[in-house]
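Here are a few notes to read alongside the model. Could you go through them with the structure open?

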Amino acid sequence: MSKTPPLTVRMARWSALNPWKAIAGWLVFVVASIAIGSLSGLHGASDLDETVGQSGTAAHWLHDAHLEAPDTENVLVTPRAGSLDQTAARAALAAAATSMRALSQVAAVGTPITSTSGQAMTIQVTLRHDAHVAPLLAATKAVQARYPGLRVEEVGSTSLDDAVGDQVSSDLSSAAVISLPVTLVILLVAFGAIIAAGVPLLLALSAVGSATGLASLASHVFPADDSTSSMILLMGMAVGVDYSLFFVKRAREEWRRGASRLDAVEIAAETSGHSVLVSGLAVIVAMFGLYLVENVTFTSLATGSIIVVGVAVLGSLTVLPALLVKLGRGIDRPRVPVLWRLTSSTREPRLWPALLRPSLTRPARTLTVSVLALGALALPALGLTLHSYSPQGLPDSVAAKHTLLRLTSAFPSQNSTQEVVVKAAAAQAGQVDDALRSLAGTAARTRLFVGGAPQLRASADGTVHLLRIDAPFDSEATQARHGIRDLREHLVGDALRGVGGARWAVGGDTASNVDADQHLSARLPWVIGFVVLLTMLIMGWVFRSVVIALTTAAVNLLSAGASFGVLVLVFQHTWADSLLGFHSTGAVVNWIPLFTFAVLFGLSMDYHVFVISRIREAMLGGLSTRDAIRVGITGSAGTVTSAAFVMVSVFAIFASLHMVEMKELGLGLAVAVLVDALVVRVIVLPSLMMLLGRWNWWPGRVPVARPTATVVAWPATLARSGTRGT
């Protein structure tokens, strides 16, 4: 009885035999996905969705009691030079107030306030629920035009969010515009032909488009974060191009050996297609680990990544075989003269055997030196400091940031606000009110908070009370965090000691950041354990080897450590500020290391599965461990390097964007992929496999045939006969 072909072969065979159906089906799928996304709309995550810990409890209590603070904007007037003309400033603020009161988006306009130094004046504008700030910004701009000698600006949480959103959209557009030609150039170098280079790029773009639409639909179950679209583009371009590149490269190799179109596609599906399926599964499993964080941002990023990777795998195994069969050798047209000669050469390359030589001849020494070098690069990661997002960390290109800095400098009480929320019986309302007034006075005497009249509010039924306390520090400042600690550890508890049965929670800007950092720190071991364990199980199942599973985890952890070390060296110090265009806050954004770890563990499987499969394939062809490593890595080095450069180029483009989160994510992933492809796969992995020898495949076995000249010679390393078992 004949053996049933693997799933990847069956899928590729159907597509190859029914190419027009496969191509039409893919086009319908892409168009339908985009249309569904447009019709369903994007459901974004609310501020309430993102809360965790004690601050989350406080936010939910305030929401249920209808005590949430309305959004506000501040119109700020400062001098362009010299001293402030207060008469002109009052006139400008009066004009702004008149314009604001006439707008339907405005609920109330406050009275002018002058800073202690007399160098700034402001009015606070209270917005109606879900109001758009564009009309307010237009009114402020009109006042600015009437008073050119003053600086008339507007800033608030809503306008700041809109400014950040505009910057992100601009960055994404720039990334797309830059990444396409860069990726195309790399693919031209890899293939030497325009059509062959264009196919992976088109597949990646269609995967991004489809995933964006499907992610919009999924956002009604998993609310979308602002960074999800960035992540879909980042992951889609990286894996979409890589998966197609693996498949197309292998099919072209088989054509050059004389295989028919159908046979070449089937061999590619059984080998590279198998690697793509396993790699995609590994990335998806790694992304599933992010659901353990129980945070709306990570859930959204994981959902977008899972969708785009799944779509990229589906396209690689369905429409790509159909395209290859229809194009045939036409995929190598039109040829780029110089590049074509380089890519079509059948001579064994010189670079990769030279780089491999130390690992094959002195594996113990090479492994020791390379591991120590990567360990040294990872050492700074021990000093990793995590902080939440802060407006002060925004790029200078966001004009609202500078307005905010001028506002908080002139009016320190505008920096951050902490909220003490108390739930108690309505009969105890008087006691709670007295306790919170006392707390406000005690807090002001600590110098960690701004004094003044207590900002007290109570719910309509008298069961929920709110005390707002202003802090004269940035929400991420050490003093602000000390203030939260003092409130939670003794100040609030001491003040409410006489109110029996009262429950309380401290929320606000800094408290939310503290809780987010603690939540991520507590979840980090679970995510790491899940990702590492599941990755090991996948590798053990695919290669039937416990040793391969363990070595996979070990080398991937090396890559992750090196990436984190570079993140600390670059972003927790100031030497790279001017180079990358950011201002160091002395910390890394708290979600970056965790997400980077999951992504790089998944993406590294692209190369790992591909390389290990080629080595095993060579051993099945009858080579010794040494020759199989040499042939497997040398034969796959061009493909792996091309794929790595595609990923690195996409990630590096993100590192050049304005938002510091994108810089950290892009640089971290670029370093990880570069280290993974050029150091781990070419030096660490072969050294380790040489030392382990036949133990690499324990407890399974790789049947060894007698080596033949055909198997050992280049380029017929992996002749079709007897080598389709991987």
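Helices (H or I, at least four residues) and strands (E, at least two) here are DSSP runs, numbered from the N terminus. Residues are numbered from 1 along each chain as its sequence is written, and side-chain values use heavy atoms, with hydrogens and water left out. This is a predicted model, with pLDDT of at least 70 needed for local features and 80 or more for side-chain atom pairs, while totals for chains, interfaces and linings use all residues.

1. A495 sits in helix 18 (residues 478–495). A495 is partly exposed, at 24% relative accessible area; the cut-offs are under 20% for buried, over 50% for exposed and partly exposed in between (1.4 Å probe, protein chains only). Leaving out residues up to four places away in sequence, A495 touches A435 and L439, where contact means heavy atoms within 4.5 Å. R437 is 58 residues from A495 in sequence, yet their C-alpha atoms are 9.1 Å apart.

2. T228 belongs to helix 8 (residues 228–256) and counts as buried at 7% relative accessibility. Beyond four places in sequence, T228 touches S300, L301 and G304. With S300 there is also a side-chain polar contact of 2.3 Å (a pair of N or O atoms within 3.5 Å; within protein, one must be able to donate a hydrogen and the other to accept it, and residues adjacent in sequence count only if both atoms are side-chain atoms).

3. In helix 3, the buried residues are S55, G56, A58, W61 and L62. Their cover includes helix 18, helix 19 (509–543) and strand 7 (416–423). Just after helix 3, H66 has a positive phi of about 60 degrees.
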